[in-house]
Amino acid sequence: MIKILIVDDEQPIANLIRMNLTRQGYVCTCAYDGQQAADLLEKNTFDLVLLDIMLPKFDGYDLLAYIRPMGIPVIFLTAKSDVNDRVKGLKLGAEDYIVKPFEIVELIARIEVVLRRYNKSQGLLQVYDVLIDLDAREVIQNGERVELTRKEFDLLVLFAQNPNTALFREALFERVWETDYIGETRTLDSHVQRLRRKLGWQDRIKTVHKIGYRLDIPTT
């Protein structure tokens with residue numbers, strides 16, 4: 001299990017991040033100031049730290065200097081958007097720098113990139129009767145391999161990583177096709193339709209009017 005420490009003095013934000021990452025199978029712990037984070041790091045092992053810069057007790061830059069000898073990757077999550085702050089954070093050793101506000105989908109993607117860089121990928125996702133092997137890019141349903149195209153697989157991963165969340169067409173298109181969204185939905189819609197048909201998920205991947213799509217998963 002991948003263990004992530006979330007360090008942010010805005011408790012609602014930290015708890016929201018924890019809730020979303022827990023859904024992805026990560027084990028998350030929150031700290032709300034620099035001293036609490038340092039205490040947790042001293043007593044526990046973490047695979048990744050999500051770190052705000054403006055913190056009580058001592059700031060994220062100081063905490064990063066404390067973390068670096070431990071070899072734990074750090075992603076800054078901060079409202080400080082000035083380019084000089086970004087450069088400073090990266091030069092001090094952060095793996096990435098994300099400016100608030102951000103989409104949770106982007107955060108998850110960047111976490112995966114950093115974890116892969118450190119050979120700490122989650123590897124598997126389980127949704128309903130479907131097992132998704134992220135490393136092998138394979139999908140197994142009821143013991144049988146499901147043949148998906150690359151785009152269909154990438155769409156499935158985004159849905160699986162963001163259950164019960166309405167995903168905008170623009171975000172889906174830009175993430176999967178890696179190009180700017182220009183308002184044409186036919187390509188995306190046809191891929192979603194094929195994905196539904198191949199998995200038998202016609203009633204599980206919902207169309208959200210004027211927004212995009214949502215994978216519905218019971219919460220109880």
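Modeller: I start with Arg194, which is partly exposed because its relative accessible area is 28%, a value between the limits of 20% and 50%. The model is a predicted one, with a mean pLDDT of 89 for the protein and 98% of its residues at 70 or more. Among the elements, the mean pLDDT is lowest in strand 6 (residues 124-127), at 82, and highest in strand 3 (residues 48-51), at 96.

Arg194 has Glu152 as a partner: their side chains form a salt bridge, with 3.1 Å from N to O. Glu152 belongs to helix 6 and Arg194 to helix 8 (residues 186-199), so the bridge ties together parts of the chain that are 42 residues apart in sequence. Glu152 counts as buried because its relative accessibility is 1%, where the limit for buried is under 20%.

Helix 8 packs against helix 7 (residues 169-177), at an angle of about 85° and with 10 Å between the axes. The two helices are therefore roughly perpendicular to each other. On the side of helix 7 the contact is made by Arg169, Leu172 and Trp177, and on the side of helix 8 by Thr187, Leu188, Asp189 and His191.

Helix 6 (residues 150-161) lies across strand 10, strand 11 and strand 12, at about 60° to strand 12. These strands make up an open sheet of 3 strands in the order 10-12-11, paired antiparallel. Strand 10 (167-168) and strand 11 (205-208) are its edges, each pairing on one side only. Between strand 11 and strand 12 (residues 212-215) there are 4 bridges in the antiparallel sense, and Lys206 is placed opposite Arg214 of strand 12.

The structure holds 16 salt bridges, and one of them joins Glu10 to Lys100, with 3.5 Å between the closest N and O atoms. Glu10 sits in the loop between strand 1 (3-7) and helix 1 (11-23), and Lys100 in the loop between strand 5 (96-99) and helix 5 (104-117), so that the pair links distant parts of the chain, 90 residues apart. Glu10 counts as partly exposed because its relative accessibility is 40%, whereas Lys100, at 14%, counts as buried.

Another salt bridge runs from Asp96 to Arg110, whose closest N and O atoms are 3.0 Å apart. Asp96 is buried, since its relative accessible area is 17%, and Arg110 is partly exposed, since its value is 26%.

Strand 1 pairs with strand 3 in the parallel sense over 4 bridges, and Ile6 stands opposite Leu50 of strand 3.

Strand 6 and strand 7 run antiparallel, joined by 4 bridges, and Leu124 has Asp133 of strand 7 as its bridge partner. Their hairpin has 2 residues between the strands, and Tyr128 takes a positive phi near 50°. Strand 7 is also joined to strand 8 (residues 138-141) by 4 antiparallel bridges, with Ile132 opposite Val139. That hairpin has 4 residues between its strands, and Arg137 in the turn has a positive phi of about 55°. In a regular strand, side chains alternate between the two faces of the sheet. Strand 7 (residues 130-133) has Val130 and Ile132 on its covered face, and Leu131 and Asp133 on the uncovered one.

Methods:
Residues are numbered from 1 along each chain as its sequence is written. This is a predicted model: local features need pLDDT of at least 70, side-chain atom pairs count only at pLDDT 80 or more; totals for chains, interfaces and linings use all residues. Side-chain values use heavy atoms; hydrogens and water are left out. Two strands pair if DSSP finds at least two bridges between them. Contact means heavy atoms within 4.5 Å. Axes are lines fitted to C-alpha atoms, for helices over the stretch in contact, and angles run from 0 to 180 degrees between N-to-C directions. A salt bridge is a side-chain nitrogen of Lys or Arg within 4 Å of a carboxyl oxygen of Asp or Glu. Buried means under 20% relative accessible area, exposed over 50%, partly exposed in between (1.4 Å probe, protein chains only). pLDDT is the predictor's confidence in each residue, from 0 to 100. Angles under 35 degrees count as roughly parallel, over 145 as roughly antiparallel, 65 to 115 as roughly perpendicular and the rest as oblique.
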